[in-house]
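My notes follow in the order I made them.

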Amino acid sequence: MKKLLAGLALAAGLLAPAAWAQDAASAPAAVAAASAAPAVDAASAPAAAAPAEAASAAAAPAPVPNKGDTAWMMLSTLLVILMTIPGLALFYGGLVRSKNMLSVLMQVMVGFSLIVVLWFLYGYSFAFTEGNKFIGGTDRLFMKGIWDNAAGTFALGATFSKATPMYEIVFAAFQATFAGITACLIVGAFAERIKFAAVLAFLVLWFTFSYLPIAHMVWFWAGPDAYTAAAVVDETNAKAGLIWQWGALDFAGGTVVHINAAVAGLVGAYMVGKRVGYGKEAFTPHSLTLTMVGASLLWVGWFGFNAGSALEANGFAALAFINTFAATAAAVLAWCVGEALLKGKASMLGAASGAVAGLVAITPAAGNVGIGGALVIGIVAGFACLWGVSGLKKLLGADDSLDVFGVHGVGGIVGAILTGVFNSPNLGGPSLVADWTTVAMVAPDAYSIAGQVWTQTKAVLLTLVWSGVVSIVAFKLVDLTIGLRVTEEEEREGLDITSHGETAYHK
């Protein structure tokens, strides 16, 4: 553990000094700079009109970020932090045995912090600057150029509306929370038996080689202001990430966050192995009260996660907000109904799990479907994820401790696929942009549900394969160097004492 932390500190110390200098001239195409008014060539105008036209062009103000949008995005960033710490930490912590409570809290809190630091060192640059269709470039390493400290000016990036910029520094902070919570979702799959150092080492590798490429492939594009004329459309599209070029819709991270993390968790559950006594002893959650509190905080924070992904305080943020509300409530009811039919009783654990299932499934669809579509997605996700943590889990045979794949994998796939269905304007959806030059939408009679569902399916399949391969390699490397699992004696005593020297509860 000491060697791992010393290595990380040494790397940061060697690389950081030269890069902290801010170079505002190197704004990346990742979040395209806002378009200023076009320059006027006075020599080409009639001589009498030239002075007036030049004065008019000079007086035309460049677009500036809206203060309401900025405030909303900073609030959304705080809400996503709330989702993770304490939301996800308490949700996971309540589900494990009391002797492992603090180990889960530590893995979430320290894992989140680790990924946030890596995000600002290199993650943001490789995810959201121009490179190729798989990975970004180095324009924003160490957040270089994101603001000019001497001039007191800040680089601007794009939203989804023309001539409506946002501060890039705010976008970078918002996306840092996405990277952090995605990594933390994984740890629930192999809770109660993995080494703390192994968790951190794996997260570094997986974040670098799985999260960053998938985030770039799904979300990177040049922004609407780059589409100035029909002649530049093909060239501009070619600069985007691969999955974005395909036309896949992922409003807030069905592929990037949930499927990506779920696959890594499932691979980890296989490679770390089953808990001692699995299938023979009862692994009862030690505090469903804390799990309910955690699920509730997740629900509250998820409004920032989904509605914040509109990047503006506008109608689509409101649509994502109400869809997040509706789908989650529908999934809670669906899970409870399904559980009552299967077991004769609806449980608190089931209600909390249903809430998370609905939140997961609506994530890619939040601003891409109508309210009716959101309700259907929530209902389907509730039943599907109940099957995911019961029937599918038995088929897979893995000890996925906290059902990461059953909820986030199944829910993410359901949401991603159904986004292609309910995005249709014929089913109450907003459709999708057909031409970013004019911002014209695909007409109802031209929208192909089958075509969009196939596009969504390709995105899901690529994410499954990419994350799976990276996870296998990363876990194997960690196993060969640090070792993945604690000893049987340490596992029986509990990771709180053996890994961290403290306990959650004093008797």
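**Entry 1: overall.** I started with contacts across the chain. Counting contacts with a separation of 6 or more, I find that 79% join residues 24 or more positions apart. I am working from a predicted model, so I keep that in mind throughout. Next I looked up the secondary structure, which comes to 17 helices and 6 strands. Then I checked burial: 55% of the 507 residues count as buried.

**Entry 2: helix α5.** I picked α5, residues 168-186, and checked its length. At 1.5 Å a residue, its 19 residues should span 27 Å. I find its end C-alpha atoms 28 Å apart, which agrees.

**Entry 3: α5 against α9.** I then turned to the packing of α5 on α9. Their axes come within 8 Å and cross at roughly 30°. Angles under 35 degrees count as roughly parallel, so I log α5 and α9 as roughly parallel to each other. The crossing is right-handed. I listed the residues that meet. From α5 I have F178, T182, L185 and I186. Facing them in α9 I have V256, V257, H258, A261, A264 and G265.

**Entry 4: V256.** I wanted one residue from that contact in detail. V256 lies in α9, which covers residues 254-272. Is V256 buried or exposed? Its relative accessibility is 0%, so V256 counts as buried. I looked up what V256 touches, leaving out residues up to four places away in sequence. The list is T182, Y211, I214, A215, V218, W219 and D250. T182 is also on my list for α5 against α9. I also checked V256 against G412, which is 156 residues apart from V256 along the chain. Their C-alpha atoms are separated by 9.6 Å.

**Entry 5: α10 against α12.** I moved on to α10, residues 288-307, and α12, residues 348-362. Their axes come within 9 Å and cross at roughly 15°. I therefore log α10 and α12 as roughly parallel to each other. α10 passes α12 in a left-handed crossing. Which residues of α10 meet α12? I find L288, T291, M292, A295, L298, W299, W302 and N306. Their partners in α12 are M348, L349, A352, A355, V356, L359, V360 and I362. I sorted this contact by class and got 14 nonpolar, 2 polar and no charged residues.

**Entry 6: α12 against α13.** I followed α12 to its contact with α13, residues 371-396. They pack at an angle of about 125°, with axes 8 Å apart. I therefore log α12 and α13 as oblique to each other. The crossing is right-handed. On the α12 side I find A357, A361 and I362. On the α13 side I find A374, I377, A381 and C385. This contact divides into 7 nonpolar, no polar and no charged residues.

Note on methods: Residues are numbered from 1 along each chain as its sequence is written. This is a predicted model: local features need pLDDT of at least 70, side-chain atom pairs count only at pLDDT 80 or more; totals for chains, interfaces and linings use all residues. Side-chain values use heavy atoms; hydrogens and water are left out. Axes are lines fitted to C-alpha atoms, for helices over the stretch in contact, and angles run from 0 to 180 degrees between N-to-C directions. Helices (H or I, at least four residues) and strands (E, at least two) are DSSP runs, numbered from the N terminus. Angles under 35 degrees count as roughly parallel, over 145 as roughly antiparallel, 65 to 115 as roughly perpendicular and the rest as oblique. A crossing is left-handed if the near helix is turned anticlockwise from the far one by less than a right angle, and right-handed if clockwise. Contact means heavy atoms within 4.5 Å. Ala, Val, Leu, Ile, Met, Phe, Trp, Tyr, Cys and Pro count as nonpolar, Asp, Glu, Lys and Arg as charged, and the others, Gly among them, as polar. The expected span of a helix is 1.5 Å times one less than its number of residues. Buried means under 20% relative accessible area, exposed over 50%, partly exposed in between (1.4 Å probe, protein chains only).
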